Amino acid sequence: MNGQGIRFASGNEAIAEGAFAAGARFYAGYPITPSSEIAEAAARRLPGLGGMYVQMEDELSSMAAIVGASAAGKKAFTATSGPGFSLMQENLGMAVMGEIPCVVVNVQRSGPSTGMATKPAQGDVMQARWGTHGDHGIIALAPSSVQDCYDFAIRAFSLAERFRTPVVLLADAAVAKLKERVEYRTPSAEEIAGRPFPSCTPDQFSPFAVDPEERVIAPLPPFGGEYVFRITGSMHNEKGGQGASPANADRVIRHLTGKIERNRSSIVRVREYCLEDAEWALISYGCSARSSRAAVREARKNGRALGLLELTTLWPFPDEEVRSLLSRVKGAVVPELNLGQAAGEVRRLNDFGIPVLGINRVDGTLISPKEILSVLEEAPA
């Protein structure tokens with residue numbers, strides 16, 4: 001199931017192959033339904049690519065291991081589901097504070113806790129944004145097809161390396177287990193570009209220097225080389241030493257958010273489907289976006305001007321794109337497999353007094369196109 005060309009593969013298989021194509025050469029993880037095929041692929045493929053697979057004792061150590069491998073210069077990733085993602089939050093915060101690029105794949109399943117381990121859900125949207133404590137930025141991508149799984153895995157590494165940040169690939173069980181046609185393409189040089197190496201001498205290097213405009217992120221040489229620096233979860237200055245002054249703490253925390261927020265145009269992506277003349281809009285992501293596309297096709301057959309805005313980037317949330325859409329439609333519907341996590345963000349942006357309706361399932365069952373259309377039938381024309 002490896003190599004370039006057209007394949008028939010599952011989302012999980014495509015995520016793994018996308019990671020390898022992006023240059024990922026270290027995986028540490030603990031198998032968990034419904035993401036285990038990613039660990040299986042890493043165990044099988046990485047040794048032949050000159051990489052390393054390590055099965056850890058739990059998800060806490062898995063996250064710690066990929067942070068360490070990335071600091072040492074390797075593109076590193078792990079995969080898990082809701083309960084494991086919960087355990088990763090402390091060390092994910094370490095990666096945020098230490099500005100260590102890495103990719104965390106979370107194949108969402110029903111929760112809380114063990115929940116229904118084999119049933120799909122989309123209940124980790126807010127956990128991806130706020131799961132680790134403190135103010136910080138984060139990037140989260142949401143695939144809705146097997147092709148997305150491959151392409152977004154490549155993009156996740158590109159974003160992680162560019163912005164020195166963890167990136168969450170927020171898949172769901174339905175898409176991860178789905179099998180369909182996928183092209184394993186060769187990534188562009190820009191997509192797989194490695195992190196820049198410092199141009200200054202080692203004594204001049206500041207691993208946590210901040211560009212006031214947040215456009216250029218400080219380079220990160222491999223730990224243990226001639227560029228000696230500290231990585232810590234504590235508040236630090238530009239050299240990595242202790243920096244607990246109020247002024248420095250303010251600078252660092254604003255930077256951890258600002259480097260994401262000020263680069264929204266390079267990060268946020270959405271897909272528009274039949275929105276040119278839409279009177280009502282669906283706003284969705286992941287497996288629920290697939291049902292939404294089918295609902296749009298059916299509605300238009302029956303003469304109703306319905307369109308879809310698919311959120312392929314969930315964090316940072318596509319504020320500008322959603323607000324623009326809400327300004328020109330009569331109403332919006334947000335189908336998702338939770339009780340309204342993305343819908344709350346949409347309502348936050350609704351400055352226009354239009355109805356924003358939610359379609360929510362938490363029973364382990366997918367939202368059907370028919371269910372979406374039935375809600376629209378009761379909505380104003």
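A nonpolar core, as I use it here, is a set of buried Ala, Val, Leu, Ile, Met, Phe, Trp, Tyr and Cys residues joined through side-chain atoms within 4.5 Å, where buried means under 20% relative accessible area with a 1.4 Å probe, protein chains only.

**Ground rules.** I am working with a predicted model, where local features need pLDDT of at least 70, side-chain atom pairs count only at pLDDT 80 or more, and totals for chains, interfaces and linings use all residues. Residues are numbered from 1 along each chain as its sequence is written, and side-chain values use heavy atoms, leaving out hydrogens and water.

**Cores.** I looked up the largest nonpolar core and found 58 residues, with I38, F77 and L282 having the most contacts inside it. Helix α6 (residues 146-163) gives the most to this core, eleven residues; helices here are DSSP runs of H or I, at least four residues, and strands are runs of E, at least two. A second, separate core has 56 residues, among them F26, A28, I138 and Y285.

**L282.** I set aside neighbours within four places in sequence and listed its contacts (heavy atoms within 4.5 Å): they include V296, L306, V333 and I372.

**Strands.** Next I checked β13 (residues 331-336) and β14 (residues 356-360), which run parallel and are joined by five bridges; pairing takes at least two DSSP bridges. V334 has G358 as its bridge partner in β14.

**Cysteines.** I found zero disulfides, a disulfide being two cysteine sulfur atoms within 2.5 Å.

Methods
Buried < 20%, exposed > 50% of the residue type's maximum accessible area, 1.4 Å probe, protein only.
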